[in-house]
Amino acid sequence: DPLTARSNADISQADRSRVFHSWSAQGALAPMPIVSGSGSVVWDAEGNEYLDFSSQLVNVNIGHQHPKVVAAIREQAELLTTVAPAHANATRARAAEMICELAPEGFEKVFFTNGGADANENAIRMARLVTGRDKVISRYRSYHGNTGAAIVATGDWRRIPNEYARGHVHVFGPYLYRSEFWATTEEEECARALHHLERVIQAEGASTIAAILLETVPGTAGIMTPPKGYLAGVREICDRYGIVMILDEVMAGFGRTGEWFAFHAHDVTPDLITFAKGVNSGYVPVGGVIISDAIAHHFDDTVFPGGLTYSGHPLAAASIVAALGAMREEGIVDNAKRIGAEVIGPRLAELAERHEIVGEVRGSGVFWAIELVSDRETRTPVTPATMGAIKAALLSRGLLPFIADNRIHVVPPCVVTEAEARRGLEVIDAVLAEVGAGEAA
Ligand code: PLP
């Protein structure tokens with residue numbers, strides 16, 4: 001088989017000669033070959049097995065090669081592989097219906113996109129059209145995607161070289177471990193972050209703000225579960241000033257936090273919900289916006305000036321129907337919640353006690369961050385070199401990690417078994433001991 005017969009070196013060489021990679025200087029890359037997977041493990045071309053504690057880009061919630069999803073894609077491919085968005089298609093309608101069934105009351109329509117960035121792009125567009133306003137407030141610690149408005153709504157370094165879209169304002173969100181508000185309790189952090197948000201709205205001019213766009217739980221930025229009351233407070237502010245509340249559930253949604261939607265744990269209902277990743281675990285690229293009735297009805301007699309050739313692609317739709325069906329039947333979201341509460345959470349708390357290098361652990365479900373510091377008092381992040389050494393040590397022990405800044409994100413698929421979760425955490429424990437000893441020396 002030409003796909004599996006090649007060596008790791010051959011695949012790397014083929015990649016390096018022709019593939020231009022994301023977010024990188026191209027010169028010194030060494031991408032790791034992966035040729036197949038099953039559940040929570042992947043293999044390279046030489047049969048080396050890795051426990052996937054990254055879920056790739058935190059999207060393979062249902063695990064690799066789920067047979068029901070693979071079969072559904074194959075069946076749909078035999079029936080109709082592609083159809084223009086303007087036609088009616090039963091698989092697409094069923095996918096939209098299943099997504100709406102998971103959303104709160106009052107969300108009746110889905111606009112499908114190619115991924116998460118254009119989901120946010122279109123949610124922002126809807127908010128601007130509905131309010132007749134321009135500005136969008138989002139957080140400094142956030143990632144919303146790599147297109148016009150989505151990358152400028154993003155808070156991290158990737159925004160800065162791409163800052164061409166207008167009308168974007170950023171605020172700090174609650175993050176007690178590195179509080180921007182001199183807070184010492186979650187209550188203080190929450191109240192002060194809300195006060196800061198409201199003051200920014202007033203200073204910008206409330207009547208200019210179309211939307212507040214927030215990841216329900218900031219993901220790549222560090223998995224900061226919002227304190228109790230923060231999102232409800234944002235909801236109140238949005239209502240007070242006539243601002244559309246958009247929750248980005250691209251990474252946090254569809255089981256990752258142990259809930260179907262992360263906001264289910266926060267007693268809040270947004271106006272627009274954006275999704276991608278976990279909805280079909282990325283088996284076919286897809287994303288979308290779940291639209292509240294009031295906003296959907298705005299476009300009953302007014303043209304929505306947006307569309308994509310592949311909006312509601314049938315292969316993507318078939319994979320959504322199968323993935324959500326299997327996640328329901330197999331209790332996959334409950335598994336994520338239980339593994340988080342009974343295995344990952346307690347074990348990470350133990351690691352935090354034992355390893356001086358661990359500054360904080362936080363998360364829920366299969367969505368956790370281990371924040372590493374060289375000094376617990378000053379909370380100084382460990383260096384990129386230390387993170388590089390940690391990544392290499394984890395890989396050499398068969399664990400494929402998700403590393404972001406000074407953090408290890410513990411983000412296995414939602415189907416991860418208790419034994420796999422324990423095995424992965426043992427590897428992390430061993431590597432922290434080894435690297436921690438090096439740091440102390
Ligand atoms: N929003 C969040 C919270 C994400 O984590 C991501 C991707 O990592 C995106 C949006 C962008 O999604 P995509 O890469 O599918 O465009």
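How many Å apart do the C-alpha centres of domain 1 and domain 2 lie?

**Entry 1, the domains.** I noted at the start that this is a predicted model, in which local features need pLDDT of at least 70 and side-chain atom pairs count only at pLDDT 80 or more, while totals for chains, interfaces and linings use all residues. I also noted that residues are numbered from 1 along each chain as its sequence is written. The C-alpha centres of the two domains lie 26 Å apart. I looked up the bounds, which come from an automatic or database domain assignment: domain 1 is 34-65 + 331-440, and domain 2 is 68-329. Their contact takes 28 residues from domain 1 and 26 residues from domain 2, where two residues are in contact if their C-beta atoms, placed from the backbone, lie within 7 Å. On the side of domain 1 that touches domain 2, at least two residues each come from α2 (55-58), α11 (332-354), β11 (358-364), β12 (367-375) and β16 (407-410); helices (H or I, at least four residues) and strands (E, at least two) are DSSP runs, numbered from the N terminus. I read the classes of that side as 12 nonpolar, 10 polar and 6 charged residues, with Ala, Val, Leu, Ile, Met, Phe, Trp, Tyr, Cys and Pro counting as nonpolar, Asp, Glu, Lys and Arg as charged, and the others, Gly among them, as polar.

I found 16 residues around the ligand, of which Gly115, Gly116, Ala117, Gly145 and Val250 are the closest; a residue is near a molecule if its C-beta atom, placed from the backbone, lies within 6 Å of it. Helix α5 (residues 116-131) gives the most to this shell, with 3 residues. The shell divides into 6 nonpolar, 8 polar and 2 charged residues.

I next looked at helix α4 (residues 90-102) and helix α10 (residues 314-329), whose axes come within 8 Å and cross at roughly 40°. Axes are lines fitted to C-alpha atoms, for helices over the stretch in contact, and angles run from 0 to 180 degrees between N-to-C directions. The angle makes α4 oblique to α10, since angles under 35 degrees count as roughly parallel, over 145 as roughly antiparallel, 65 to 115 as roughly perpendicular and the rest as oblique. Among the residues making this contact are Met98 of α4 and Leu324 of α10.

I then turned to helix α3 (residues 67-79), whose axis and that of α10 come within 8 Å and cross at roughly 150°. I therefore recorded α3 and α10 as roughly antiparallel to each other. Their contact has 11 nonpolar, 2 polar and 2 charged residues.
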